Amino acid sequence: MSIIRDNLETVKANIEAACARSGRDSKEVTLVAVSKIKPVEMLQEAYDLGCRDFGENKVQELVWKYDMLPKDIRWHMIGHLQRNKVKYIVDKVYMIHSVDSLRLAEEISKEACKKNITVSVLVEVNVAGEESKFGTSTEEAASLVKDISELPNIVVKGLMTIAPYVENSEENRLYFARLKQIYVDIIHKNIDNICMEELSMGMTGDYEVAVEEGATYIRVGTGIFGERQYTAV
């Protein structure tokens, strides 16, 4: 019996049900297995069960696992990214979900130019306005997207948010709906050099609501791997 297998089947069934409730095709939703602080053996098991998208919070851990695991994995940087660490991951990640300032975007652009690659990013929006969270404000999201769009070798693919921790996932519906509205408003601005396709929102406790509100990426860790054990890598 595999706990990871059972958990993955449950999450996928929940995604299917949420899509059915909201009239969406489940192919529109990508499950990112949040693998922070998990041993590579668990990631390998999830990979063997079909997972190809993995999310990490820390640069050092992403780089280490990148070298240890199959090369067709799509790595997602979902944690706060410091500018001085961009150079270590810019050519290893499929997408950076947590771009929250123009200065960070400029650093990503600079390193991408050096390596002659184009980096896909999402702009992180602090929809709930929590002081403990990173992200640009809802009011400044569109202007930040426009400013980033003018940089070389970086392309904005959409928006991301981390909703508050709540016992009742319904409480986060308004934040997911708000992010979707900001996303639609930005699309209508027809800004050059952006490709607004993705909404990264929803985690283990609220991903079904996020899917109902339009999420294209959901970030699930505990729901796949179980509670995190905070031990050294």
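Predicted model: local features only at pLDDT ≥ 70, side-chain atom pairs only at ≥ 80, totals over all residues.

Helices α1 and α2 are oblique to each other, a word used here for angles that are neither under 35 degrees (roughly parallel), nor over 145 (roughly antiparallel), nor 65 to 115 (roughly perpendicular). The axes of α1, residues 3–22, and α2, residues 40–48, come within 10 Å and cross at roughly 50°; such axes are lines fitted to C-alpha atoms, for helices over the stretch in contact, and the angles run from 0 to 180 degrees between N-to-C directions. Helices (H or I, at least four residues) and strands (E, at least two) are DSSP runs, numbered from the N terminus.

Residues are numbered from 1 along each chain as its sequence is written, and side-chain values use heavy atoms, with hydrogens and water left out.

Which residues make the contact? On the α1 side they are Ile4, Arg5 and Leu8, and on the α2 side Met42, Glu45 and Ala46, where contact means heavy atoms within 4.5 Å. Sorted by class, this contact has four nonpolar residues, two charged ones and no polar ones; Ala, Val, Leu, Ile, Met, Phe, Trp, Tyr, Cys and Pro count as nonpolar, Asp, Glu, Lys and Arg as charged, and the others, Gly among them, as polar.

Staying with α1 for a moment, let us look at Val11, which is found in this helix. Val11 is buried, with a relative accessible area of 2%, and here buried means under 20%, exposed over 50%, and partly exposed in between, using a 1.4 Å probe and protein chains only. Leaving aside neighbours within four places in sequence, Val11 is in contact with Leu31, Tyr207, Val220, Gly223 and Ile224. The C-alpha atoms of Val11 and Glu208 are separated by 9.0 Å, although these residues are 197 residues apart along the chain.

Val220 is placed in strand β8, residues 217–220, and counts as buried, because its relative accessibility is 0%. With neighbours within four places in sequence again set aside, the residues in contact with Val220 are Val11, Leu31, Val32, Ala33, Val34, Met203, Thr204 and Tyr207.

How many aromatic pairs does a search of the whole structure find? The search finds one, formed by Phe54 and Trp75, with 5.9 Å from centre to centre and 40° between the planes, and so described as tilted. For rings of Phe, Tyr and Trp (its six-membered ring) to pair, their centres must lie within 6.5 Å; planes under 30 degrees apart count as stacked, over 60 as edge-to-face, and the rest as tilted. Because Phe54 lies in strand β2, residues 53–56, and Trp75 in strand β3, residues 74–77, the pair ties together parts that are 21 residues apart in sequence. Phe54 counts as buried at 0% relative accessibility, and Trp75 counts as buried at 1%.

Finally, we turn to some loops. Asn116 sits in the loop between α5 (102–115) and β5 (119–124), and has a positive phi of about 55° although it is not a glycine. Is Asn116 buried or exposed? Asn116 is exposed, with a relative accessible area of 68%. Asn190, in the loop between α7 (173–188) and β7 (194–200), has a phi near 50°, a positive value in a residue other than glycine, and counts as exposed at 63% relative accessibility. Asp192 is also found in the loop between α7 and β7, and is exposed, with a relative accessible area of 64%.
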